[in-house]
Amino acid sequence: MDWTPTISELSGPRYQRIVDAMEADIAAGRLVRGQQLPTQRALAKTLGVDLTTVTRAYTEARRRGIMEARVGQGSFVSETSARRSVDLPHPVAIDLSMNVPPHPLEAQLDERIIAGMDFIRAQSGLTAYLNYQPPGGSAHEREVAARWMRSRVPHAQADRLVIFPGAQTILFNLLAHLARPGDIVLTEALTFPGIKAAAVQLGIKLVGVAMDDCGILPDALAKACRAHRPKAVYLIPTLHNPTTATLSPERRRAIAKIIRDTDTILIEDDAYGLLDRSASPIANLIPERTYLATTLSKCIAPALRVAYLVTPDGDTQRQMRTSLQATVQMPAPLMVALVTHWIESGIADRIITAIRSEAVGRQQLAQRTLKGFQFQAKPAAHHLWLRLPEGRPDVAAHLLRNGLAVVAGDAFTVDGTPPHAARVSLGAARNRSELTEALRILVGALHKPADIRQIV
C-alpha cells in the first residue's frame, strides 16, 4: 500500500489527476494487477488533499475499471481493464450471457490502441482510411493475415482470403451463397445462435446432428448427409459453443472423409481456434471443400469487427468478395489497419496470450467454486456448459431475479427438446472479483430447494 501518485505535473481537477496518475502507473508497471492501494484517508493525508477528493478519485477509477473494491479488504488495482456496467438491462447486475474475451491488464488494450493509431497516423495519416477501400481488404492486408494464419492453416493464401466485418457477416454471406430458401444445412444438435438467426432470415432449414460430450458423432453425420443431402455442414470443432467440446484428431479425420464422400461443403467456424492452437482445423484435411472462418471477436475484442474467411479456391474468394461488397461494402478500414499493424508487429499474439492466460485463470476459479456440480469446460475457453438440476425449470429465472444473466439451453437447440443446461460465460465478468460474486449467486441458486417458489 505504498503507492504515492505524482499529480503536480498533471492538469485538471485534483481527483482527475489522481486517476490519471493511477492509469499512468499501471501502464508503466509501477502498479500491478491485484496490488492493494492505500486507504482513502491515508492517501488524502499523503497528498495533503480533502478526503472527498480521494473518494471521488476512487469512484472514478472504479467506473473506468482500473480499480476494484473488495468488501472488508480494501481497494485494489483491477485484474482486468473492466468494461463499464452502466448499460446492463434491468434487472441484470452481472451479465454472464455474452461470450466475450476478458481483458486482463497484461493485454494493455487501451495503450496499444492509442499506440497503434499513432503508428498508422505517422505512416499514412488517419484520413487515408476514411474513404472506400477494396471489399475484402487490400492485397497487403490479406497477405499479412494469410501469413499469420499459415502457422495453423498452411494453405492460407492472400488470393483465397477475404476480410469481413465480423464472423456473423461471414456466416450470413456463406449461407446466402451456398443455399436457397428451403434448402437444408446440417449443424451440431446444439449450435451458435448466430447461425440460427441467419438461417431464419434466409429461409434455410437447419437440421441438428447428434453429439456426445466429445462433439458431433461421425456416424450420425454420415447418416444425416445421406438422408438430407445438405447444401453444407456447419461445425464448431474447437471449444464448441456452447458445450466447449473439442473434436479429437480421429473425429476430424472421420468428418473430413464424410464431407468428401458425400460431396458436400464444410463451413468451419474457428472462432475459438486461436485459444487452443493444438487443435488443427478440419480445413487442413479438406481445403478444397472448406470455408474456414476465423474471427478476432473471441480472442481479442468483438468490437474490432475483423474476421478472416479462407475459401476453397480463387474463384470462390472472388465470389465472396462480391457478396461482401453487395451486403456491407467493406470492413471498417481503420479497424483492419489497426489489426494488420498488430499482426505484423507481433502485438496481436501478445494480446491473445494475455487473454488466454486470463481465461485459464477464470476457468480455474470456476472449477474450484463449482466443485461437485456437473459441467463441461476446457482450460482456455471463455465459457462452460453447466448441467442444471433436474426438476428445476426455474433456475435461469431465479438467477435473473437475483441479478445474474446466463443463457439457457433452448437458445442453442436446433431441433428437439432443449437440454436442461446453461452456458455460463466467464469472460463476460468485468473482473475476477465480479466473477466470484456471480459464481456465488449461481451456486446459491443450484442449491435452492426445488419446492421453494417465488410468491407473487
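Analyst: Buried means under 20% relative accessible area, exposed means over 50%, and partly exposed is in between. Asp315 is therefore partly exposed, with a relative accessible area of 47%. Keep in mind that this is a predicted model.

User: Which residue forms a salt bridge with Asp315?

Analyst: Arg318 does, and the closest N and O atoms are 2.3 Å apart. Both residues lie in helix α10, residues 314-327. They are 3 residues apart, about one turn of the helix.

User: And Arg318, what does it count as by relative accessibility?

Analyst: Arg318 counts as partly exposed, at 48%.

User: How many salt bridges does the structure hold?

Analyst: The structure holds 17. Side chains of opposite charge can pair when their charged atoms come close.

User: Which residues are linked in a network of salt bridges?

Analyst: Glu143, Arg147 and Arg150 are linked that way.

User: What about Arg30, which residue is its salt-bridge partner?

Analyst: Asp25 is the partner, with the closest N and O atoms 2.8 Å apart. Arg30 is exposed, with a relative accessible area of 55%. Asp25 is buried, at 9%.

User: Now Arg387. Which side chain does it meet in a salt bridge?

Analyst: That of Asp213, at 3.6 Å, N to O. Arg387 lies in strand β14, residues 383-387, and Asp213 in the loop between β7 (211-212) and β8 (215-216), so the pair ties together parts that are 174 residues apart in sequence. Arg387 counts as partly exposed, at 31% relative accessibility.

User: You mentioned β14. What is the strand order in the open sheet of 4 strands?

Analyst: The order is β13-β14-β17-β16, and the pairing is antiparallel.

User: Which are the edge strands?

Analyst: β13 (375-376) and β16 (407-408). Each of them pairs on one side only.

User: Over how many bridges do β14 and β17 pair?

Analyst: Over 5 bridges, in the antiparallel sense. His383 stands opposite Ser425 in β17.

User: And β16 with β17, over how many bridges?

Analyst: Over 2 bridges, again in the antiparallel sense, with β17 covering residues 421-425. Val407 stands opposite Arg423 in β17. Ala408 has Ala422 of β17 as its bridge partner.

User: How many residues of β17 are buried?

Analyst: 5 of its 5 residues are buried, and the strand is mostly covered.

User: Which residues are on each side of β17?

Analyst: Ala421, Arg423 and Ser425 are on one side, and Ala422 and Val424 are on the other. They are all buried, and both faces of the strand are covered.

User: Switching to helices. At what angle do the axes of α11 and α12 cross?

Analyst: Roughly 90°, and the axes come within 5 Å. Helix α11 is residues 333-345 and helix α12 is residues 347-369. An angle of 65 to 115 degrees counts as roughly perpendicular. The two helices are therefore roughly perpendicular to each other.

User: Which residues make the contact?

Analyst: From α11, His341, Trp342, Ile343 and Ser345. From α12, Ile347, Ala348, Arg350 and Ile351.

User: How do the residues of that contact divide into nonpolar, polar and charged?

Analyst: The contact of α11 with α12 has 5 nonpolar, 2 polar and 1 charged.

User: What is the phi of Thr244?

Analyst: Thr244 has a positive phi of about 70°, although it is not a glycine. Thr244 is also in the loop between β9 and α9.

User: Is Thr244 buried or exposed?

Analyst: Thr244 is buried, with a relative accessible area of 0%.

User: Last one. What about the phi of Arg305, and where is that residue found?

Analyst: Arg305 has a positive phi of about 50° and is not a glycine either. Arg305 is found in the loop between β11 (290-295) and β12 (307-310). At 32% relative accessibility, Arg305 counts as partly exposed.

Key
Residues numbered from 1 in each chain as written. Predicted model: local features only at pLDDT ≥ 70, side-chain atom pairs only at ≥ 80, totals over all residues. Heavy atoms only, no water. Axes fitted to C-alpha atoms, helices over the stretch in contact; angles between N-to-C directions. Parallel < 35°, antiparallel > 145°, perpendicular 65-115°, else oblique. Contact = heavy atoms within 4.5 Å. Nonpolar A, V, L, I, M, F, W, Y, C, P; charged D, E, K, R; others polar. Pairing = 2+ DSSP bridges. Buried < 20%, exposed > 50% of the residue type's maximum accessible area, 1.4 Å probe, protein only. Salt bridge = Lys/Arg side-chain N within 4 Å of Asp/Glu carboxyl O.
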